[in-house]
Amino acid sequence: MLKRRPRSAGRARRLAQAAARPVVAAEPGHDAAISSAVWAEPAADFDQSLWLCLVFPELGGAGHDGSAESASRALLTRLADEACVWTSLVSVLEPDALALEVGGSLRLFGGLQALRAGLLQTLQAHGYSVVAACAPTARAAYWLAKAGQAQACLDTRQLPSQLGGLLLHELGWPAATVIKLRQMGVRNLAECRRLPRAGFARRVGVGYLQELDQAFGRMPELLRWHQQPHEFQRHIELPDGTESAQQILLYGKHLLESLGAFLRQRQAVAEQLHFSLEHRELPPTQFTLALSGPCTQTGYLAELLSLRLDRTALKAPVTGLILTAVALPQCAPANAATRSLPGMTEPHSAEQSSQTQRLVERLQARLGQACVYGLRAVAEHRPEYAWRPAAVSAAAGTAQLTGLYRQPRPLWLLRQPRLMALTPAAAPIEHIERVEAGWWDSRDVSRDYRIVRGPYGSAWWVYRDRREARWYLHGVFG
């Protein structure tokens, strides 16, 4: 029995370093400009699956070295995240390959050649060579790429001629299986297909027969789809430690740029950013930037971070910075052009709404969320209990706050009603409202409210306590 030579520690270390750094995407033996005869564009009515397989030759055969296999998996997972920009159907097919279903992405990216070129360009930042091949089945595309044949087969009927000449040792099958088939006089896939199916399954294995059926489209392939993580978390160390907000902001901008790339890959947005400032011997300083609406603009987020850092008191020099955020689906708000702003009664444009939202977020970053909030109406007759603080995005408009009652009510209420000397003859009375409520919570009131015109045209909202027979000023109309 043939034994695979163990991988060296140097190779395992190189794989681990590659998985941690930001493959050249150049195919060995192939020019970057592939002729149109090899990568011909599918017809306009092309409606079958099309798989683009990427094989990384330097990652092959690392399965018997635990550290090398782990590093290879980490690298392939990172590459699969980047490949999700081009299609949502990505699978880690083998320890050295990725399979992408690109049939539904051809029109979006301008055809097969453009998609392939863009995908390979995305992989330029890494240090491994890549062989890319296309076929109607993922197994066929993998075998073509594994054999170093960077070509595209667009029709299932062409698979026998395209795959028939592939030698068995080029498929990634174990050496013992290849030797057994060679002893039978079988050296390529065309000769494999001429063997009796029952005898092939009995002597070689049912699994290899299933791979043949999958490659030639006679059996569906069960693949495990790569799932992108929805939570972003990055850590960056500050070598010397610092208490300068400007230096912390510089490192924070690097984290925000990574967050922007993370969100763009997923076509997602973020609404809350959690920062943790690490210290050597003390617990970390933590704070959250809560946005009124989804945002992906890293420049604007850096501005909010700067405002928040200016009012953050540091207990000790900062030695590390952690940014955590959750990616949310990007959805356009309905009727954005006619949406009303919180506290407004007339519709405003999307640009005005965005400006107001940004102003609120800047104020919250500078003053704190506890100091900037909206109002939400509550079904309550007593004016002082008829509203609650709420997030600005969930705040009610003026019409909602005042439309629950028959008579108009002011938004500006005094914290405590102010006793005043008032006689009905002192000022004209325009409206009257009687409020009797609160007996169920021991804060019952019995009041007659009136609107009184004060000096200089001001309007006061006053009430007469029916139990004390005294007048109180409770609010002022704007």
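Serine 442 sits in the loop between strand S13 (429–437) and strand S14 (445–453), with helices (H or I, at least four residues) and strands (E, at least two) taken as DSSP runs numbered from the N terminus. This is a predicted model, so local features need pLDDT of at least 70 and side-chain atom pairs count only at pLDDT 80 or more, while totals for chains, interfaces and linings use all residues. Residues are numbered from 1 along each chain as its sequence is written, and side-chain values use heavy atoms, with hydrogens and water left out. Here's the rundown, topic by topic.

**The chain as a whole**

- The protein chain has 13 helices and 16 strands.
- Of the 478 residues in the protein chain, 44% are buried; buried means under 20% relative accessible area, exposed means over 50%, and partly exposed is in between (1.4 Å probe, protein chains only).

**Loop residues with positive phi**

- Back to serine 442: its phi is positive, about 65°, although it is not a glycine.
- Serine 442 counts as exposed because its relative accessibility is 69%.
- Alanine 469 is another residue other than glycine with a positive phi, near 60°.
- You'll find alanine 469 in the loop between strand S15 (459–465) and strand S16 (470–477).
- Alanine 469 has a relative accessible area of 47%, so it is partly exposed.

**Cysteines**

- The structure holds zero disulfides, a disulfide being a pair of cysteine sulfur atoms within 2.5 Å.
- Cysteine 53 is in no disulfide, and the nearest cysteine sulfur, in cysteine 134, is 9.3 Å away.
- Cysteine 53 is buried, at 0% relative accessibility.
- Cysteine 134 is buried as well, with a relative accessible area of 0%.

**Helix H4 and its packing**

- Helix H4 (residues 138–146) packs against helix H9 (residues 206–215) at an angle of about 100°, their axes lying 6 Å apart. Axes are lines fitted to C-alpha atoms, for helices over the stretch in contact, and angles run from 0 to 180 degrees between N-to-C directions.
- That angle makes H4 roughly perpendicular to H9; the label covers 65 to 115 degrees, with under 35 being roughly parallel, over 145 roughly antiparallel and the rest oblique.
- On the H4 side, Arg139, Ala140 and Trp143 make the contact, and on the H9 side it's Glu211, Leu212, Gln214 and Ala215. Contact means heavy atoms within 4.5 Å.
- Sorted by class, the contact of H4 with H9 has four nonpolar, one polar and two charged residues. Ala, Val, Leu, Ile, Met, Phe, Trp, Tyr, Cys and Pro count as nonpolar, Asp, Glu, Lys and Arg as charged, and the others, Gly among them, as polar.
- H4 is mostly covered, with eight of its nine residues buried; among them are Arg139, Tyr142 and Trp143.
- After H4 comes glycine 148, with a positive phi near 80°.

**Leucine 98 in strand S3**

- Leucine 98 belongs to strand S3 (residues 97–101).
- Leucine 98 is buried, with a relative accessible area of 1%.
- Leaving aside neighbours within four places in sequence, the contacts of leucine 98 include Cys53, Phe56, Leu76 and Val92.
- Leucine 98 and phenylalanine 56 are 42 residues apart in sequence and 8.7 Å apart in space, C-alpha to C-alpha.

- Alanine 190 is part of helix H7 (residues 189–193) and is partly exposed, at 25% relative accessibility.
- Between alanine 190 and leucine 166 there are 8.1 Å in space, C-alpha to C-alpha, and the two are 24 residues apart in sequence.
- Glutamine 286 lies in strand S7 (residues 285–295) and is exposed, with a relative accessible area of 59%.
- Glutamine 286 is in contact with Phe275 and Ser276, leaving aside neighbours within four places in sequence.
- The C-alpha atoms of glutamine 286 and phenylalanine 275 are separated by 5.7 Å, with the residues 11 apart along the chain.
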